[in-house]
Amino acid sequence: MASVKLTGVKKIYDNKVVAVHDFDLEIKDKEFVVFVGPSGCGKSTTLRMIAGLEEISEGTLEIDGEVVNDLQPKDRDIAMVFQNYALYPHMTVFDNIAFSLRLKKMPEDEVFEKVTQAAEILGITEYLTRRPRALSGGQRQRVAIGRAIVRNPKVFLMDEPLSNLDAKLRNQMRAEIILLREKLNTTFVYVTHDQTEAMTLGDRIVIMKDGFIMQVGTPEEVFDTPHNLFVATFIGSPQMNLFSAELTQEGTGYTVSYRNIRVPLDAERCALLKAHGVSGTKKVILGVRPEHMTLCFNGEENAAHGVIAVNEMMGSELHLHVESGEEKNVILRIPTIELSAAQRASLVHGSDLGFTFSSKVVQLFDPETEQSLLFS
Amino acid sequence: MKTLTDLEYLKLSKGQRLVHRICSFFASIPTGLKNLVLSIGRGIGKAAVGIKDEFADLWNTFKNGDTPTRVSYLIMGFGNLCRGQILRGLLFLLFEIVFIAYMALSGWYWLSMLPSLGKVGPVKEYNVIYDTYVTTYHDNSFKILLYGVLTIFFIIAFIYTWRVNIRQNKLAMQILRSGKKLKSGKDDLRSLVDDQFHKTLLALPLTGILIFTVLPIVFMVLVAFTNYDGNHDGYINNLFSWVGLDNFNTMLSWSGGGVNYSATFGEVLTWTLIWAFFATFTNYFLGMLVAMLINKKGVRIKKLWRTVLVLTIAVPQFISLLYVSKMFAKNGIINGALMDLGWITQALPFWEDPTWARITVIVINIWIGIPYLMLISTGILMNIPQDLYESSRIDGANAWQQYTKITLPYMLFVTGPYLLTSFTGNMNNFNVIYLLTGGAPTNAAASGAAGAVGYTDLLITWLFKITTGADAQYYLASVVGIMVFVVVAVISLVVYRLLPSNRNEEDFQ
Amino acid sequence: MSQANASQSLKRHMGLKASQRISNTTAHIVLVIISVIWLIPFVCILLQSFRVESTYPVGYVKPEKWGLDNYRNLFNTDFPRWYVNTLVMALCTAALQTVIVLCMSYTLSRFRFKMRKPLMQFMLILGMFPGMLTMIILYRVLKDLGMTQANSVPGLILVYVASSGMGYYVSKGFFDTISKSLDEAARMDGATRFQVLKKIILPLSKPIVIYTVLTAFMGPWGDFVFARYIAFGTSSGMNVAVGLYNWLNRDQIANNYTMFCAGGVLVAIPVTILFMCLQKYYVEGVTGGAVKG
């Protein structure tokens with residue numbers, strides 16, 4: 001139950017490699033913040049600096065208003081769940097969970113009460129006398145969480161806790177973490193490389209790359225208004241289609257054109273472009289999410305054409321990978337329900353296909369800076 | 001040297017590839033040397049800058065320091081005491097007092113005698129009262145050298161501590177200026193089992209290493225530049241003194257004073273290398289073979305075979321090797337049995353003939369060494385993923401191809417570093433040689449003042465022989481020891497650079 | 001037609017089985033031969049220790065007269081004294097060396113401090129000097145301290161233990177395999193570094209602790225060089241290795257050869273039993289050490 005504030009936090013290793021650059025973030029009390037990014041982006045390092053497992057090279061870290069840079073991990077009143085669970089193999093589940101309480105010299109009956117309570121929340125009461133080796137992945141994960149919650153910490157840190165689980169269990173545990181979070185009602189910092197986890201769990205998402213924060217925002221914000229090319233392509237699956245397109249200012253409005261497609265932008269986007277001082281004709285990177293692409297069956301004028309390279313039937317929707325001139329892999333996500341039987345039959349490997357998109361879904365990026373021309 | 005792209009390299013035939021690799025190895029030597037020289041130069045430059053920075057820092061700390069800090073330049077720990085860090089302050093102060101007391105009482109004496117290693121030797125004088133000759137002893141070269149080295153160690157430690165004392169003052173001023181609190185003595189003690197726990201853990205082992213390894217080695221290296229031997233023991237008969245590089249001259253030049261040390265040294269070194277090579281590789285391959293045999297599918301009671309072999313590790317070598325050496329003696333069991341069988345009429349000269357002796361020690365070493373390699377390779381062989389063998393069988397490889405293409409490369413990759421240590425270990429394998437032959441048969445041509453050198457003597461057993469007995473030549477032993485170091489270091493360095501498994505230790509964590 | 005095919009394939013399968021049987025038989029024969037070669041010296045020494053018709057080396061194995069005289073005679077020599085010396089040294093060394101080696105290897109595996117890499121490189125270089133070189137000076141220093149010859153037991157323990165920190169490689173390799181996140185989890189749980197070692201690492205390190213104790217025990221039990229140097233000619237300060245070695249000198253061998261065999265058997269038996277019981281851990285240590293270099 002505490003806020004966490006990072007100001008200008010930096011991590012520089014002995015070999016002068018900078019793992020995290022000027023990290024500024026204020027995590028509010030009871031907020032669930034997710035750090036997400038590809039491996040090596042510095043997300044785990046940042047988490048470990050909050051935990052006290054890595055030294056903070058520069059900047060300050062405050063927990064509940066107190067600067068804790070020089071405090072040992074044990075004095076920071078935080079708990080952490082590790083990727084590989086880090087359960088003590090020689091102790092039973094009970095002893096694992098009780099370990100921290102016993103180190104605090106808590107009376108044994110109180111320890112018993114707390115451990116059983118935590119075990120009940122997580123549904124592992126029947127495994128209390130087993131050793132970690134005898135547990136499945138999901139159960140181990142629960143013990144690791146139990147070990148953390150029993151301490152009733154100010155801040156709860158999780159370092160890729162689900163990445164060692166198989167897909168089905170991962171979905172289940174994700175749901176359980178959401179429930180757990182409601183029960184515990186405390187501050188969470190969660191690290192993952194999986195954008196789905198980030199989107200489903202986080203109140204706010206911190207997207208990182210190469211030690212820099214690329215964007216901080218709610219799941220809606222980072223999805224709808226990405227600040228740069230990296231965020232746009234990192235969030236969303238399958239990833240956003242990118243086209244090298246041209247942006248033209250026409251009077252008060254703007255038009256974006258890609259091959260045959262000419263889309264006049266809506267008023268909101270025009271205002272944003274104007275605010276960014278875009279004028280004249282300009283080469284841009286145009287981004288459209290696969291689910292926002294529209295199929296054209298009737299030979300519309302305002303459409304680009306390509307050849308279907310791969311056709312993936314996912315059940316409720318169809319993923320089409322299209323080769324269209326320069327762009328070798330344009331992906332279209334079409335709900336199957338919207339297609340007639342004849343249309344479906346025509347969408348086979350090698351067949352020709354037309355597509356377009358509407359103005360409301362368009363993202364525009366500067367090809368040089370890779371910053372968004374709309375939202376940065 | 002033309003560098004080839006990967007594709008061009010793949011187009012070459014086997015022979016061409018080999019030629020290419022050898023050529024590029026030699027072509028890389030100049031660059032390697034250049035880099036070495038450059039990095040040494042850079043190192044010196046860095047060190048110079050570091051020293052300059054140290055002095056600048058010292059000066060700045062003094063200039064910007066408050067009074068306690070400035071006083072700390074003279075009285076160590078004064079700053080700590082003024083700022084309430086009583087424990088640290090007292091320790092610093094105590095160290096300074098002990099140091100000054102030591103230097104005044106004896107350190108200075110040892111240091112001043114070090115250049116001469118003693119001026120007055122034992123004196124034999126006629127004593128009127130006892131009516132006999134009485135020897136009075138004076139300077140002790142051995143102690144002067146030993147305590148001289150110790151005093152230098154102590155001075156270095158003092159300078160370092162003094163520097164730490166200054167730095168602490170600087171840090172304390174910074175911390176106080178930023179409004180934080182200093183660590184109390186209690187905090188210091190607590191941190192010794194927590195964030196500074198490594199210092200607690202290392203204190204004892206490192207002290208042991210410093211006194212029982214580093215100090216003796218420094219001493220012995222210095223002995224190589226003196227004439228310390230049985231007749232110059234530094235106290236009772238004669239003092240010893242510095243002789244510069246004379247000992248190295250005798251050892252390395254072909255014109256030693258009467259005795260040809262360099263020839264002896266060359267012979268012993270050659271045999272040492274031959275021995276190490278055969279001892280390492282016979283064991284390596286035969287051990288691997290035995291391990292594969294025991295692990296073969298269909299072989300029963302694997303545990304029994306292993307246990308029988310492991311006996312040679314369990315039984316102390318001085319028993320098994322001494323006994324075996326007697327078995328191979330002229331009137332030993334082996335010769336006896338062979339004669340009973342009528343295969344030979346004359347005893348085989350296992351220990352009497354140089355070539356026989358050399359081959360016999362290598363063979364007996366196989367008996368000692370195979371079990372270790374068997375254990376090691378068993379572990380590694382089990383770790384080779386089975387699917388490698390399965391997929392190679394589907395690809396049509398036979399057993400021999402599987403061995404040369406999968407097992408052997410895997411083993412070599414994994415045990416590369418082990419092979420290196422095993423090679424250098426065998427170079428210094430005192431037990432096997434000394435207990436089996438004691439160096440015999442004697443090499444009359446090479447023997448002389450340098451102890452009785454035999455055909456099976458390694459550098460290490462030679463060294464041992466030189467240092468025992470009344471006419472021990474410690475300075476010579478020291479030179480041999482330094483040579484062993486040089487040879488081991490060069491081999492290690494070269495091989496380590498060539499190893500494919502030049503791995504990062506963090507990979508295992 | 002199809003019958004011919006079937007018989008051919010049958011033949012091929014038969015061939016496979018038969019060749020397997022042949023190769024298995026060969027393997028067993030080879031293993032038996034190897035085992036015999038490995039056992040001969042031990043069997044011989046055992047048989048000779050019961051030979052009472054003569055005390056000098058002979059060219060035959062089977063005693064003509066059997067008896068326990070050699071074992072009985074051992075007690076009229078300094079052998080019991082040597083045995084006790086050796087036992088005391090081995091036990092003390094095993095205890096102290098284990099503590100030192102574990103301190104060293106745990107620290108180098110777990111802590112990242114500035115001097116760590118230089119320290120390890122420095123020790124690597126130190127290890128390239130022949131250890132025997134240090135004996136010359138250690139002997140003289142210990143002699144000044146009165147810890148040689150008759151009093152060589154404490155002196156030798158000191159020599160064995162003092163530098164044992166350099167042999168940290170194998171156990172460091174083992175500690176390296178224990179996941180570091182266990183340490184981190186324990187530290188987050190509120191443990192100090194010392195508690196991490198006591199409550200997490202040591203309970204998990206039973207194999208390597210046993211390996212370290214075993215090798216630390218076996219070292220002095222069979223040590224020859226250092227013991228010979230420090231005890232130098234004084235019988236009461238010798239260990240079994242030096243004492244028994246002297247029995248095989250040219251002037252003693254005629255009287256003491258069979259007694260040497262008896263003594264050897266008595267020395268070998270306890271350590272062999274110990275070794276066989278703990279073999280599993282030894283193998284683990286040796287293998288791990290070789291792989292991690």
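How many residues of chain C are in contact with chain B, and how many of chain B with chain C? I looked this up first: 71 residues of chain C are in contact with 81 residues of chain B. By contact I mean that the C-beta atoms of two residues, placed from the backbone, lie within 7 Å.

Helices here are DSSP runs of H or I with at least four residues, strands are runs of E with at least two, and both are numbered from the N terminus. My classes: Ala, Val, Leu, Ile, Met, Phe, Trp, Tyr, Cys and Pro are nonpolar, Asp, Glu, Lys and Arg are charged, and the others, Gly among them, are polar.

Notes on the model. It is a predicted one, where local features need pLDDT of at least 70 and side-chain atom pairs count only at pLDDT 80 or more, while totals for chains, interfaces and linings use all residues. Residues are numbered from 1 along each chain as its sequence is written, and chains are lettered from A and ligands numbered from 1 in the order in which they are written.

Next, chain C against chain A. I found 14 residues of chain C in contact with 17 residues of chain A. On the chain C side, α8(C) gives the largest share, six residues. By class, that side has seven nonpolar, four polar and three charged residues.

Then chain B by itself. I see 19 helices and two strands in chain B. Its radius of gyration, over C-alpha atoms, is 31 Å, well over the 23 Å that the globule rule (2.2 Å times the number of residues to the power 0.38) gives for 509 residues, so chain B is more spread out than a compact globule. The C-alpha trace of chain B spans about 90 × 80 × 55 Å along its principal axes.

I also checked B:Val480. Leaving out residues up to four places away in sequence, B:Val480 touches B:Leu459, B:Trp462, B:Leu463 and B:Ile466.

Last, a sheet in chain A. Four strands make an open, antiparallel sheet in the order β2-β1-β4-β5, where strands pair if DSSP finds at least two bridges between them. The edge strands are β2 (18-27) and β5 (66-67) of chain A, each pairing on one side only. Six bridges join β1 (residues 4-12) of chain A to β2(A), and I noted A:Lys5 opposite A:Glu26 in β2(A).
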